[in-house]
Amino acid sequence: MLYIIYQEDGPDSQVLREAHKPAHFAYLKEHEDILVLGGAMLGEDDETRIGSVLILNVPDRAAAEAFSANEPLRKAGTFASVKITRMRRGQWNPDAAPKTAEGN
């Protein structure tokens, strides 16, 4: 089952993100078998981080909740809000995805 984890940054997010970035990436690597897509949400200036989105393929909502609760950036208090929503895969076109992380 697919779940979207939508996380909006809190006031201290920049400092917290920098402090916990290595643990965050290690956690994502550890769970790459369930991580379908993940990335930072950006402001219109293409640089300011305003949150992040993760899409997981897990057996149920409890697994999505557990993944989110143990994610280092969330544990550190980086996010002002976290919303977890079940989704159904509709259109699937990985060839339309940008070739770089910056969206180019």
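These legends go with close-up views of a predicted model.

**View 1. The largest nonpolar core has 11 residues.** Its members are Tyr-3, Ile-5, Tyr-27, Leu-28, Ile-34, Leu-54, Leu-56, Val-58, Ala-64, Phe-67 and Ile-84. Two or more of these residues come from each of strand 1 (2–9), helix 1 (13–30), strand 3 (49–57) and helix 2 (61–70). Zoom in on Leu-28, a core member, and you'll find it in contact with Leu-35, Leu-54 and Phe-67, leaving aside neighbours within four places in sequence.

**View 2. Helix 1 has a bend at His-20.** The bend comes to about 60 degrees, and Pro-22 follows within four residues. Buried along this helix are Ser-13, Leu-16, Arg-17, His-24, Tyr-27 and Leu-28. Their cover includes strand 1, strand 2 (35–42), strand 3, helix 2, helix 3 (72–75) and strand 4 (79–87).

**View 3. The largest pocket holds about 800 Å³ of space.** Look to Gly-38, Gly-39, Ala-40, Arg-49 and Ala-101 for the closest residues to its centre, out of 27 in the lining. Helix 1, strand 2 and strand 3 each give two or more residues to that lining, and strand 3 gives the most, with six. Sorted by class, the lining has 13 nonpolar, eight polar and six charged residues.

**View 4. The second largest pocket has a volume of about 210 Å³.** Lining this one are Leu-2, Val-36, Leu-37, Ile-55, Met-87, Arg-89, Gly-90, Gln-91, Trp-92, Asn-93, Pro-94 and Ala-97. By class, that's eight nonpolar, three polar and one charged.

Technical notes. Residues are numbered from 1 along each chain as its sequence is written. This is a predicted model: local features need pLDDT of at least 70, side-chain atom pairs count only at pLDDT 80 or more; totals for chains, interfaces and linings use all residues. Side-chain values use heavy atoms; hydrogens and water are left out. A nonpolar core is a set of buried Ala, Val, Leu, Ile, Met, Phe, Trp, Tyr and Cys residues joined through side-chain atoms within 4.5 Å. Buried means under 20% relative accessible area, exposed over 50%, partly exposed in between (1.4 Å probe, protein chains only). Contact means heavy atoms within 4.5 Å. The bend at a residue is the angle between axes fitted to the seven residues ending there and the seven starting there. On a 1 Å grid over the protein atoms alone, a cavity is a set of points where a 1.4 Å probe fits but cannot get out, and a pocket is an open set with protein on both sides within 12 Å along at least five of seven lines; lining residues have an atom within 4 Å of a point. Grid points are joined across faces, edges and corners, and a volume is the space filled by probe spheres set on the points. Ala, Val, Leu, Ile, Met, Phe, Trp, Tyr, Cys and Pro count as nonpolar, Asp, Glu, Lys and Arg as charged, and the others, Gly among them, as polar.
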